[in-house]
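Please find below some comments on the model.

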Amino acid sequence: TAPGPRSYTTLRDEAVKLFNSLQQLESERDPVPLMQGVLQTCLDLPPLVDEIYCQLVKQTTEPPAPGGQGDLHYWQLLTCMSCTFLPSSPVLRFLRFHLDRTESRFPASEMAKYACFIREALGKTKGRECVPSLEEILVLMQRQEMICTVHCPGAPTCSVAISSHTTAEEVRGYGCVAQELVSRLGLSQSPNLFALYEQSRRREQPVGSATLLADVLTRFE
């Protein structure tokens with residue numbers, strides 16, 4: 001499950017803890033929980049976002065084994081960071097230079113593919129309410145999309161591919177969802193609009209048009 005409220009010390013101490021976590025990440029067999037923990041700390045302590053970006057750029061520059069498991073773990077966390085937080089302008093320029101350099105030095109490599117994915121993500125990321133879920137981290141590590149199941153009134157469901165940046169408004173515009181609703185509910189001539197609802201044991205509420213569906217899925221996790 002996603003980490004709950006935490007107790008933190010000074011920013012300096014937390015930065016040291018994050019550095020130790022990054023060192024551990026290199027040899028971790030299952031890096032997903034550790035990645036989520038790093039992301040949660042950055043969400044709780046925004047001043048550390050730039051620190052982690054700089055640390056990850058450092059770790060992915062001149063690695064001992066380019067493209068090895070440890071190196072790719074750093075690229076995967078960098079991918080998750082790019083879909084969750086935007087660094088400050090100076091760090092963003094530094095990061096983009098690093099991405100360009102990686103693609104130039106290692107064309108067609110896994111590192112170059114991550115660099116390309118990260119660059120595109122940075123152009124879409126606006127900030128998150130929640131850190132990525134465990135499922136989202138897994139698909140980001142593969143540079144893929146998540147499959148979100150939308151339950152329609154009655155029995156039908158629709159499976160929709162979403163990214164870390166997909167909003168509820170964008171999903172409403174997906175042809176498969178709209179066509180499914182119109183067909184099954186006989187509303188082809190109806191002027192009504194459709195809305196997405198988030199339902200759990202505790203509550204049921206409409207999902208705001210600008211809400212990121214990835215955040216909704218994290219709350220369910």
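1. Basis. This is a predicted model, in which local features need pLDDT of at least 70 and side-chain atom pairs count only at pLDDT 80 or more, while totals for chains, interfaces and linings use all residues. Residues are numbered from 1 along each chain as its sequence is written, and side-chain values use heavy atoms, with hydrogens and water left out.

2. H1 and H2. Helix H1 (residues 11-25) packs on H2 at an angle of about 160°, the axes lying 10 Å apart. Helices are DSSP runs of H or I of at least four residues, numbered from the N terminus; axes are lines fitted to C-alpha atoms over the stretch in contact, and angles run from 0 to 180 degrees between N-to-C directions. H1 and H2 are therefore roughly antiparallel (over 145 degrees). The contact (heavy atoms within 4.5 Å) joins Leu18, Ser21, Gln24 and Leu25 of H1 to Leu34, Met35, Val38 and Thr41 of H2. By class, these residues are 5 nonpolar, 3 polar and no charged. Here Ala, Val, Leu, Ile, Met, Phe, Trp, Tyr, Cys and Pro count as nonpolar, Asp, Glu, Lys and Arg as charged, and the others, Gly among them, as polar.

3. H2 and H4. The axes of H2 (residues 32-44) and H4 (residues 69-82) come within 10 Å and cross at roughly 40°. H2 contributes Met35, Val38, Leu39 and Cys42 to the contact, and H4 contributes His73, Gln76, Leu77, Cys80 and Met81. The contact has 7 nonpolar, 2 polar and no charged residues.

4. Cavities. There are 2 cavities of 30 Å³ or more. A cavity is a set of points on a 1 Å grid over the protein atoms alone where a 1.4 Å probe fits but cannot get out, and lining residues have an atom within 4 Å of a point.

5. Second cavity. About 40 Å³ lies in the second largest cavity, lined by Thr60, Pro63, Asp71, Trp75, Thr102, Phe106 and Met111.

6. Pocket. The second largest pocket (an open set with protein on both sides within 12 Å along at least five of seven lines) holds about 290 Å³. Among its 17 lining residues, Lys124, Lys126, His165, Thr167 and Leu212 lie nearest the centre.

How values were computed
Points joined across faces, edges and corners; volume = space filled by probe spheres on them. Helix = DSSP H or I, 4+ residues; strand = E, 2+ residues; numbered from the N terminus. Parallel < 35°, antiparallel > 145°, perpendicular 65-115°, else oblique.
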